[in-house]
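Dear colleague,

I am passing on the structure below, and my notes on it follow. Please read them with the model open beside you.

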Amino acid sequence: MTTLPTTTSEITADWMTEALRGSGTIGDDVTVEGVHADAGAAGVGFMGEVAIVDVQYSGDADGAPDRVVAKFPTQSPEVRAMMHPTRVYEREHRFYENLASSTPVRTPDVYHVTCEVSDEPDAERYMMLLEDLSGLELGDQLAGVTPEQAESAMVGAARHHARFWDRAGLEDASYIPTINGPLNKAGESIYNASLPGFKEVFSSALMPDMVPIAEVYGRNHPLFLDRFAAMPHTLVHFDYRADNLFFDTDGSVVVIDWQSISIGGGAADIGYFLGQNLSIADRRAHENDLLHRYHDTLISEGVTGYAFEQFFQDYRVGVIYGWVIPVFAVGSLDTSSERAMALWTAVLERVQDAIFHHNAQEFIG
């Protein structure tokens with residue numbers, strides 16, 4: 001195969017032809033005649049690069065995508081070395097290779113995956129071509145999802161969790177860590193290192209009663225992960241938030257960004273989502289109905305032995321665990337970005353309200 005592109009500007013028509021033929025997206029009688037990707041408009045972040053690529057064909061390309069999303073890991077040797085122990089790139093690429101077709105929740109169609117794992121960060125090769133979802137409505141965590149969107153998110157999460165309940169279908173997924181494994185428990189040191197900078201930036205957004213809780217949260221972080229590990233196991237998305245969800249016109253949800261998948265309690269996804277992705281007013285008004293919608297869907301999908309009362313207690317753990325997210329975020333936060341500052345201020349208001357509304361601070365020792 002032609003040389004694997006490592007950034008948007010390296011994608012060629014010849015490589016795209018081979019990639020799409022290899023996945024069966026196009027037949028051998030179809031050729032990619034041209035590709036156009038605006039490298040300057042690519043989304044380049046800490047973890048990698050994402051870009052939309054327009055594709056032109058010759059031959060009978062009926063059904064082939066006119067646009068695809070190209071997703072690359074970062075090319076920074078320092079960041080790749082830092083992320084290598086977390087296996088986040090392998091987790092997501094293996095998910096799309098092996099599990100995306102198994103989950104009932106919709107995920108982007110996959111047109112190509114390169115996943116070559118190595119013990120040496122510089123020797124690994126990753127790259128994906130995925131369905132362009134820009135025609136759908138992307139969730140907006142800053143604005144907050146509507147109650148209707150939240151219901152779609154609950155149904156989608158429940159169907160997904162039910163499919164993998166008790167690790168069903170994950171028997172060969174050794175690349176997915178348990179939720180309380182060393183990769184996730186490293187968050188304690190990250191939290192403690194991030195807390196001073198977090199308090200400097202967001203001190204005005206902290207409720208007085210939250211200050212002592214924030215100070216001792218770090219040493220409790222591994223205990224929350226142990227609680228998730230003691231819950232019924234499923235495939236946890238572990239970054240289930242509005243900015244990773246698209247909403248279709250039929251009311252269904254489409255889920256992206258599977259880099260953080262872990263095996264543990266699904267309540268981790270639900271506490272995080274409801275605690276931080278709705279306005280306070282909407283969460284308080286609709287939370288009970290949304291929790292029952294999630295649990296009822298689990299039961300209708302065949303889950304047994306998981307009473308609502310048990311789920312609700314697990315949900316409270318998910319709510320308090322979510323506190324770690326805004327503190328983590330300060331490490332890569334661009335404080336000059338008005339949207340970023342507004343987003344995390346809103347998230348802080350929401351998660352603190354959810355914590356105290358459910359007396360979830362009692363889990364802090």
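In which crossing, left-handed or right-handed, does α6 pass α7? The crossing is right-handed, meaning that the near helix is turned clockwise from the far one by less than a right angle. This is a predicted model, in which local features need pLDDT of at least 70 and side-chain atom pairs count only at pLDDT 80 or more, while totals for chains, interfaces and linings use all residues. Residues are numbered from 1 along each chain as its sequence is written, and side-chain values use heavy atoms, with hydrogens and water left out.

The axes (lines fitted to C-alpha atoms over the stretch in contact, with angles from 0 to 180 degrees between N-to-C directions) of α6 (residues 187-202) and α7 (residues 210-230) come within 8 Å and cross at roughly 165°. The two helices (DSSP runs of H or I, at least four residues, as strands are runs of E, at least two, numbered from the N terminus) are therefore roughly antiparallel, a term for angles over 145 degrees.

Thr-114 lies in strand β5 (residues 110-116) and is buried, with a relative accessible area of 8%, where buried means under 20% with a 1.4 Å probe, protein chains only.

Best regards

Definitions and conventions. Buried < 20%, exposed > 50% of the residue type's maximum accessible area, 1.4 Å probe, protein only. Parallel < 35°, antiparallel > 145°, perpendicular 65-115°, else oblique.
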